[in-house]
Amino acid sequence: VRKRRPLAIICTHITAANVAVAARMLTGQRFPIVCVPTDYETEGLWPHLSTDLFCVATESMAETLRPRLVPEQRIRITGIPTREDFRASYDREQTRQRLNLPQDKRIVLALAGAYLPRPYVHFRTALDNLLPYLHTFGDTLHFVFVAGNDAEYAGHLRRACSDLGISDCVTVLEYVEGMAGLMAASDLVICKSGGLTVTECLCAQVPMILLGRAYGQENANVRLLTANGAAMHVTTWRELLEALRHVSRSPESARSMLVNGSFLRHPDAARDIACAAMELANAEKDPANPLYKKHFLQFYWGHKPAHVR
C-alpha cells in the first residue's frame, strides 16, 4: 500500500478490510476503503468506524450496521457483486441444445463441483443416496450434475447412473464454460448456501434448494432466503427427495420462489460498487476527517445490532 498508493481499496473479506485499514492508519494515506460483505449478514469483525462505505446486499444487513455506529451516509444497498455474464440474457433452447439437454423436461441442476473435505463431502453423499430414486422423475425432470474439475467424481457419477439404468434422465458435466447460461436454462438448482453461489442463482433467475446444514455466514444466507420465500432448505437426502417430489407435483412452488427471489436480485451490483468507489476516490478529502488521521489504535463501543448469531 505504501508503494502502490491506491486510489481506493474494495474489500470483499474481513481480513482484507482490516489489513487495508491498518495500512491506511500506519501510512497516513487518504484512499477510501469500501467494504463489500459477500454473504447476507455483516459480521462483527468488519472495521465499522474505519470504512468509508459499506456496500451491502439487503436492508437487514444495514440494520446490523446502524447500531454499530456506522453513519447512514456510509451505507449503500447494492447487492452482492457477480461476474458480468450474470447480467446477460440467454436463449434457453440454444443452451440446452448445445449441452444436449432435453427441451421437453424441467432441468434440475446440481452444483457438486466443490470437493473440500467438509461440508461438501456430505453434499455429494446426499446426491449419491438420491440417485436410486431419480427414475421416478423420468417423465418430468432431467437432472444435470456438474462435477467441476473433479474428473474422478464425474466418472463415479456416470458409472453409478449406468449401473442404475438412469443415464437417460441424468447428464453429468465436468467443468462448464458459461455457467450463467446453464443456470438460466435450468428450472431448479440444488446447491450449497454460499453467498456467491446463491447470488448467482438469484441473478440467473433460477429457484434453489439449499442442501446441507449451514453454519456461520451460510446459516445467515439460509435464514434470509427461506424467510423471503426465495429458496427451500433441506439437510438430508430424504428431505431433498421430498422437496423434489413437491416441486415435481407443484411447479407453481418453484415459480413462487422465482418471484420472491426477484426482490433480492441486484444484477448491477458490481458496476454500482465500482462507481461508488470511484466517486469516493475522486472526492475532496478533508484532512481533519478521523478516517485519514495517522494513528495506532482505535476503540469504540456500539449498541446491540438487530441481528446476531
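1. A pocket here is an open set of points on a 1 Å grid over the protein atoms alone, where a 1.4 Å probe fits, with protein on both sides within 12 Å along at least five of seven lines; lining residues have an atom within 4 Å of a point. Grid points are joined across faces, edges and corners, and a volume is the space filled by probe spheres set on the points.

2. A word on the source: this is a predicted model, where local features need pLDDT of at least 70 and side-chain atom pairs count only at pLDDT 80 or more, while totals for chains, interfaces and linings use all residues. Residues are numbered from 1 along each chain as its sequence is written, and side-chain values use heavy atoms, with hydrogens and water left out.

3. Start with the largest pocket, whose volume is about 550 Å³. Its lining holds 24 residues, and nearest the centre lie Leu111, Gly113, Met179, Thr197 and Glu200. Two or more lining residues come from each of helix H6 (179-184) and helix H7 (195-204) (helices are DSSP runs of H or I with at least four residues, strands runs of E with at least two, numbered from the N terminus). H7 gives the largest share, three residues.

4. Now for the second largest pocket, at about 410 Å³. Of the 25 residues lining this pocket, Arg92, Ala184, Ser186, Gln205 and Leu258 lie nearest its centre. Strand S5 (106-111), H6, H7 and helix H10 (251-262) each give two or more residues to this lining, with the largest share, four residues, coming from H10.

5. Lastly, the residue classes: Ala, Val, Leu, Ile, Met, Phe, Trp, Tyr, Cys and Pro count as nonpolar, Asp, Glu, Lys and Arg as charged, and the others, Gly among them, as polar. The lining of the largest pocket has 12 nonpolar, six polar and six charged residues, and that of the second largest pocket has 16 nonpolar, three polar and six charged.
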